[in-house]
Amino acid sequence: MVTLLHGAIIAPLAATHASWTDIGTFAVAAAIVLAGAIGVVIARNPVHAALMLVMTLFGVAVLFVLQRADFLAAVQVIVYAGAIVVLFLFVIMFLGVDKTESVKVEPLRGQRPLAAGLVALGLAGVLILGLVSHWTTGKASVAGAANGPGSNVFKLGRSVFTTYLFPFEVTSALLVIAVVGAVVLARRPPTTGSDGPDAIGASGAIDATGETVDAAGDISDPTTETIDEEVAP
Amino acid sequence: MTIAGAWYLGLAAVLFSIGALGLLIRRNVLVMFMCVELMLNAANLTFVTFARMMNDIGGQVLVFFVLVVAAAEVVVGLGIVVAIFRRRANATADDLHLMKG
Amino acid sequence: MAHLTYLIVLLPLVGFAVQVLLGRRLGDPQAGVVGTIFVAASFVVSVMVFFGLLHINAPVRSYTQTLWTFLPVGGLHVNAAFYVDPLSMTMVLFITGISTLIHLYSISYMKGDRDYPKFFLYMNLFVASMLILVLGSNMLMTFIGWEGVGACSYWLISFWFTRDSAASAGKKAFIYNRVGDVGFLLAMFLTFEKVGSLNYQTVFSHLSEIGPGNITAITLLLFLGAAGKSAQLPLFPWLADAMEGPTPVSALIHAATMVTAGVYLMCRVNPLLHASPDAAFTVAIIGAATAFVAATIACAQSDIKKVLAFSTVSQLGYMFLAVGTGAYEAAIFLMVAHAFFKGLLFLGAGSVIHGLHDEQDLKRMGNLRRYVKLTFWTFTVGWLAIAGVPPLSGFWAKGDVLDAAWARHPALWVVGIVTALLTAYYMSRLSGLAFFGKDRWNKAPIDPDDPGVHASGAITKPHESPWLMRIPLIVLAILAFFGGVLSFPWTTHYSLLKWVDPVFGANLYNAHESTRLQWELATTDAVIAVIGVVIALTLWSRRADRPQLEPTFLRRWWFIDALFDFLFSRSGARLAQFSATVVEDGIIDGAVNGVGTLVRRTGGVVRKAQSGYVRNYALAIVLGVVAVLAFMLSRLWW
């Protein structure tokens, strides 16, 4: 066991001759990441949790920079922290779910101990595997060199727009679909006075035009009632 | 010269397990979603680490795509959350148990 | 002419088919006429085939007509084939002849019955089955006919099935027959295993290859079958109960034809009997014992038909005695003569019953000779014939049997002669009670607890039967009177039945008794018969009530029937009860239902894993991840 730890911690540090700047940056970024993660899990107020998430994302961005993935660090901050978390906050405010939930009580029997135990086991398993078995046995530089001279953006862009062009196009299509789906899901039926999740009735058929869904708006009313009953505990 | 990749991987593993724990424990739907984002970030970190260790830009390309897909997923997921929880503000994940056997 | 053999069997079958399809429409009496015509036609064809057989000039006259291959399976090759030889033709002639007479009689006897066409349907089928039985050239064909007559017997006995006793009697007959059939089946299996064929001629030619132990086994098993069918000890109670059927049925099936099937079978397999003296002696002993026991029982019965039934059992015992001593010709002579006079007696009894409006109790008859004259005279012929009074047929036939018994073993003869005395006694008792004495039929109604068959209410004056019923009586009386010509003992050339001898060849027992011994035995027979007749008439023509001469032991059939009821019926019913409740409800239903219950309970338990909560399901996913990691770790250390 002692030799394992020695091999894991001291030797790599001594072997790689990492500069103290790097080590320090890594340590701080790691601390930020972990603190944020734990904060997300523990925070009672969802808004606090969102802010903790932002902290984590920033820490991860720093780690990206440390690994010379500059473009991704920028994208991480802009897209993840800047757009996705904002979206989260939007919904939190919109739905008014900022009420705190009681984290003390757990209605499902045995969920907490089991969860803690299993997750700990899983983590232990992964770490042991990481310490003991061989990593990185695959072929190097399949898609192109990452380290070395040259701009990271250039290398990334070349790879995306040549080797991985098709996935890129598919992903853009996916984005369009996601947007359309979100619009349809979140609509309110304009005709009847009852606001209700007509989305459930409509989610089965995502029409490009909204007309048919409107005309079938009355269908949503009975479904509305039943969904209410179902949702009620 | 730089930190060994093993450290990053270990950090990513811990981040992932924290995210998993949060998903299992929290009842608020949005917080559960945020824990999913944590797990995705852990995966991203792993990919970038391997890109450096194997000198392969493919890892970063994959992170790029994961980011995009995560964004799309969040959009649609929150749309569904809005659709379901529009009426009741304090609904939790435990209130949807229609599939009970 | 012999090629027309198949017609003999086909005609009654066609009659059966016609009546199945059209019987109800034909009605009373056309259905009866149709049935009679088909059987009469079969008789005519039999006569033609008989002459055809006579033309064959060979030491052993025989002719095999193979129709088609019935059962070609592996090593077993069974043909649907008819074997015509003197033995089977003798049987065929008297079967078809007497069947015709009885069908004629039934046209009038069954008149007015609700199920008139059904009766003739069954009778025709019966005749066809009996003919298959006697004409079959292999054991399987015989067995098919065997089962057929058993089935028809069941149907005809329980013809008036709305009466509980009749329905039970039919079942009883069938079950007793079945017990015997087990013997027949086992004999067939053993024969096939040892010889490889069921054909009679093939089996007989391979006798030397089978060991004597096997031959004895086969013979005894066949005798078991014959005992079941011919009501020998101990399988005889069914015949008495079979009297529940209409009287023509009793006459045809239980006097003349079906019950003689056992005797025929034994005659057919005479080489086996010759090769196994032990089996033959066993047959003789059982035959003699049956004759004696049945005769004693007949002395104490009050129902006219039951007396005749036990008389049949007794005479069949005589026939088996003859078969067991090797005197096959005597057995066949007695069989034919018995068919004549027993058929006559039954038809006469039917006439009496008919005339007294369905009264069957002897104690309620009396002095009938004044009212039903023709019936009385024909009945007397039959009575004296069976008693063994010379010169009627019974004297000659029984004499032959007793001669052979004396030559085989004197003890058998003693039993035989005592039985002859008893035969004369009980038949005369019957006649005395029925035809002599004072009128008892017009007395007050009987005790309602009496289980016998009685007319309803007081009887008006007894009347004679219609002419259609009288004709068969007359014909049979003539045959019974002059039947002795079939085999006079002193003329070997002109004896009609001698044509049967070549079938038995060297197996036939030749007594070689001196003429003086023959005269002595014959005189003894005659004297005994006359003594029996005189004693009985003296005792019974005046008085009908002599309880000392009718002990319970005899009235209850030596308690044999009660013994069987106690041993088998009770325990059988209890076993059925046990099976129905414990085995069926408990074990079988329990197991089947148990499987269903088990599935349901398991499902109920497993169902709890579906809690409906997403977080529980996520936990399950994590569990799966941990399992995979554990597997990967385990691979490291192995």
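Colleague: How do helix α15 and helix α17 of chain C run relative to each other, roughly parallel or roughly antiparallel?
Modeller: In this predicted model, helix α15 (residues 373-387) of chain C packs against helix α17 (residues 410-435) of chain C with the axes 8 Å apart and an angle of about 165 degrees. Helices here are DSSP runs of H or I with at least four residues, strands are E runs of at least two, and both are numbered from the N terminus; the axes are lines fitted to C-alpha atoms, for helices over the stretch in contact, and angles between N-to-C directions run from 0 to 180 degrees. Under 35 degrees counts as roughly parallel, over 145 as roughly antiparallel, 65 to 115 as roughly perpendicular and the rest as oblique, so the arrangement of α15(C) and α17(C) is roughly antiparallel.

Colleague: What pLDDT do local features need in this model?
Modeller: Residues are numbered from 1 along each chain as its sequence is written, while chains are lettered from A and ligands numbered from 1 in the order in which they are written. As the model is predicted, side-chain atom pairs count only at pLDDT 80 or more, totals for chains, interfaces and linings use all residues, and local features need pLDDT of at least 70.

Colleague: How many nonpolar residues does the contact of α15(C) with α17(C) have?
Modeller: From α15(C) the contact takes C:F376, C:W383, C:I386 and C:A387, and from α17(C) it takes C:T423, C:A424, C:M427, C:S428, C:S431 and C:F435, where contact means C-beta atoms, placed from the backbone, within 7 Å. By class (Ala, Val, Leu, Ile, Met, Phe, Trp, Tyr, Cys and Pro nonpolar; Asp, Glu, Lys and Arg charged; the others, Gly among them, polar), there are no charged residues and three polar ones, and the nonpolar residues number seven.

Colleague: Helix α6 of chain A also meets helix α3 of chain B; which residues of α3(B) take part?
Modeller: The axes of α6 (residues 152-163) of chain A and α3 (residues 58-85) of chain B come within 10 Å and cross at roughly 70 degrees, which makes the two helices roughly perpendicular. The residues of this contact divide into four nonpolar, two polar and no charged. On the chain A side A:L156, A:S159 and A:V160 are involved, and they meet B:Q60, B:V61 and B:F64.

Colleague: Which helix gives the most to the side of chain A that touches chain B?
Modeller: The contact takes 86 residues from chain A and 74 residues from chain B, and the chain A side has 62 nonpolar, 16 polar and eight charged residues. With twelve residues, the element of chain A that gives the most is helix α4 (residues 70-95).

Colleague: How many residues of chain B are in contact with chain C?
Modeller: The side of chain C that touches chain B has five nonpolar, three polar and two charged residues. These are ten residues of chain C, and their partners in chain B number eleven.

Colleague: Is A:F64 buried or exposed?
Modeller: A:F64 is found in helix α3 (residues 46-66) of chain A, and, not counting residues up to four places away in sequence, A:F64 touches A:A69, A:L72, A:A73, A:Q76 and B:V48. A residue is buried if 20 or more other C-beta atoms lie within 10 Å of its own, exposed if 12 or fewer, and partly exposed in between. Because A:F64 has 25 other C-beta atoms within 10 Å, A:F64 is buried.

Colleague: How far is C:P472 from C:G348 in space, C-alpha to C-alpha?
Modeller: C:P472 lies in helix α18 (residues 467-482) of chain C and is buried, with 27 other C-beta atoms within 10 Å. Leaving aside neighbours within four places in sequence, C:P472 is in contact with C:L101, C:I102, C:L104, C:Y105 and C:L347. C:P472 and C:G348 are 124 residues apart in sequence, and their C-alpha separation is 9.6 Å.

Colleague: What percentage of the residues in chain C is buried?
Modeller: Chain C has 23 helices and two strands. Among its contacts between residues at least 6 apart in sequence, 81% join residues at least 24 apart. Of the 638 residues in chain C, the buried share is 51%.

Terms used
Contact = placed C-beta atoms within 7 Å.
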